[in-house]
Protein chains: 2
Amino acid sequence: MPRRTKAEAEATREALLDAAEDVFLEKGVSRTSLEHIARHAGMTRGAVYWHFKNKADLFHAMLDRVKMPLQQIIDDITAEQQPLGPLDTLRLATLHAFEMLERPRSCRVHTILMHRCEFISDINPVELQNRLAADCREVVRRCFQQAHDEGLLIDEIAPDVATLMLHSMIGGLVHDWLRTPDSFSLRESGGEAIDSLFYLITRRA
Amino acid sequence: MPRRTKAEAEATREALLDAAEDVFLEKGVSRTSLEHIARHAGMTRGAVYWHFKNKADLFHAMLDRVKMPLQQIIDDITAEQQPLGPLDTLRLATLHAFEMLERPRSCRVHTILMHRCEFISDINPVELQNRLAADCREVVRRCFQQAHDEGLLIDEIAPDVATLMLHSMIGGLVHDWLRTPDSFSLRESGGEAIDSLFYLITRRA
DNA sequence: TGGCATTTACATTCATGTATGTATGCGTGT
DNA sequence: ACACGCATACATACATGAATGTAAATGCCA
């Protein structure tokens, strides 16, 4: 049945992206053909090629429907006019990113990004990811530097080291949780680990 | 040129595995054909099919030439008859795993495993990796429990939380470093982060 | 000389991209 | 209000290329 209304066309586009999430998640990106995706959405490849240029284009459209956790952290930190101190800002931004990640679509897409597709290809924006990671580290570093200058950090931990600790812990938690989401709760257990880290590096009277 | 001596045959097998490392690293696993690997080793696909059943078999043979970092940690912890306390055992095992990872072949293969291939396929031993991660966590947890019982851990950090913190930090450091090996030194900066964590959670007089 | 290592040749499968078909929604003119 | 025309939203068909697996051919060492 050709030519639906404009709203229906938009719906099939979303349905195709939904199907892509499902099939990519199940079979991995390189092993799923556009035929698979189309059939899973109850359509044919013609629909896919109408809405998207090719597989890479569809993949990027899928990515565009979610926000990167590191981007979320950057935005949270830079947006607020720091009603809180730098350490609480950092901590809450991290927990907020965890919350966002637990939304079903975000969870699916980022699982695909981390565990279901190869970097080094026209399909994955590696450089963008690297730049994002570098930017986030820089923003976090500045926060820790400020905390250090304000005497909020304990003396034993340099801002750079705190940055690496937090960054790697976030990355590790997200990585592990996306691989085995049922083994622990990112918000609860992950949040507890993050809270503990901040507790340990905060100077107390 | 057919049929060299038996030693030469073994040499071509190794050369094929070396080539696989190179090409997988450069192009990703799914995008490299057996033809690519063979040509990179100066041979044809026939040689590949002689030594290996198929791509998955070759991949596993490539994996068999290195040791998993988490396996290294498990072995280090369980092998030693603890001449050191549990915390130092954990810390040194981690640093040792970092050292092993910086060896060129190990670095290449684990970069491929983490960043150049899709899980969910006949090619990647996901379940084995998950089981390894679970085993490692359990061994680490027991170590922290022992440290807790011996009063070596500070009261504010429960053994389970310490386990998650260490495990996620290791995972995050390795993940980040394999993605951008030039951005920091795993042994130096990574080791510093690990040392700092242990410093923070150790009870002091 | 016979089995081993490797090449060459061949058949098959499969995903991609494109070209074409087609029915329908929608604006336009009157 | 209604017919007309066109662009839209898909489905279908086809051509191509690439990768795989296997079988046959080839040469060399022991």
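Predicted model: local features only at pLDDT ≥ 70, side-chain atom pairs only at ≥ 80, totals over all residues.

My entries below go from a single chain to the way the two chains meet.

**Entry 1: what I'm looking at**

I started with chain A and asked what it is built from. I found ten helices and zero strands. Read from the N terminus on, the elements go α-α-α-α-α-α-α-α-α-α. I also checked the space that chain A takes up: its C-alpha atoms fill a box of roughly 70 × 35 × 30 Å along the principal axes.

**Entry 2: what the record says**

Next I looked at UniProt. The unreviewed entry lists residues 10-70 of chain A as "domain: HTH tetR-type".

Over residues 33-52 I got 70% helix and 0% strand, with the end C-alpha atoms 14 Å apart.

**Entry 3: salt bridges**

How many salt bridges are there over all chains? My search of the whole structure turned up 37. As a reminder to myself, side chains of opposite charge can pair when their charged atoms come close.

I picked out a pair in chain A: A:Glu21 and A:Arg108 form a salt bridge, with their closest N and O atoms 2.6 Å apart. A:Glu21 sits in helix H1 of chain A and A:Arg108 in helix H7 of chain A, so this pair ties together parts that are 87 residues apart in sequence.

**Entry 4: where the chains meet**

Then I turned to the contact between chain A and chain B. I counted 45 residues of chain A in contact with 45 residues of chain B. The two chains bury about 3500 Å² between them, and 64% of that is on carbon and sulfur atoms.

Between chain A and chain B I found three salt bridges. One of them joins B:Arg31 to A:Asp122, with the closest N and O atoms 3.6 Å apart. I also got twelve residue pairs in polar contact between the two chains.

Which elements of chain A give two or more residues to the side that touches chain B? I wrote down helices H1 (6-27), H7 (104-115), H8 (126-149), H9 (159-179) and H10 (186-201). H9(A) gives the most, with twelve residues. Sorted by class, this side of chain A has 20 nonpolar, 14 polar and eleven charged residues.

**Entry 5: how the copies are related**

A rotation of 180° with 0.0 Å of shift along its axis does it, at an RMSD of 0.1 Å. The two copies are thus related as by a two-fold rotation axis.

Do the copies meet through the same surface or different ones? I found that 100% of the interface residues of chain A are also interface residues in chain B, so the copies meet through the same surface.

Terms used. Residues numbered from 1 in each chain as written. Chains lettered and ligands numbered in written order. Heavy atoms only, no water. Helix = DSSP H or I, 4+ residues; strand = E, 2+ residues; numbered from the N terminus. Contact = heavy atoms within 4.5 Å. Buried area = accessible area lost by both parts, 1.4 Å probe. Salt bridge = Lys/Arg side-chain N within 4 Å of Asp/Glu carboxyl O. Polar contact = N/O pair within 3.5 Å; in protein donor to acceptor, adjacent residues only side chain to side chain. Nonpolar A, V, L, I, M, F, W, Y, C, P; charged D, E, K, R; others polar. Least-squares fit on C-alpha atoms with pLDDT ≥ 70 in both. UniProt positions renumbered as here; feature names shortened; annotations may be inferred.
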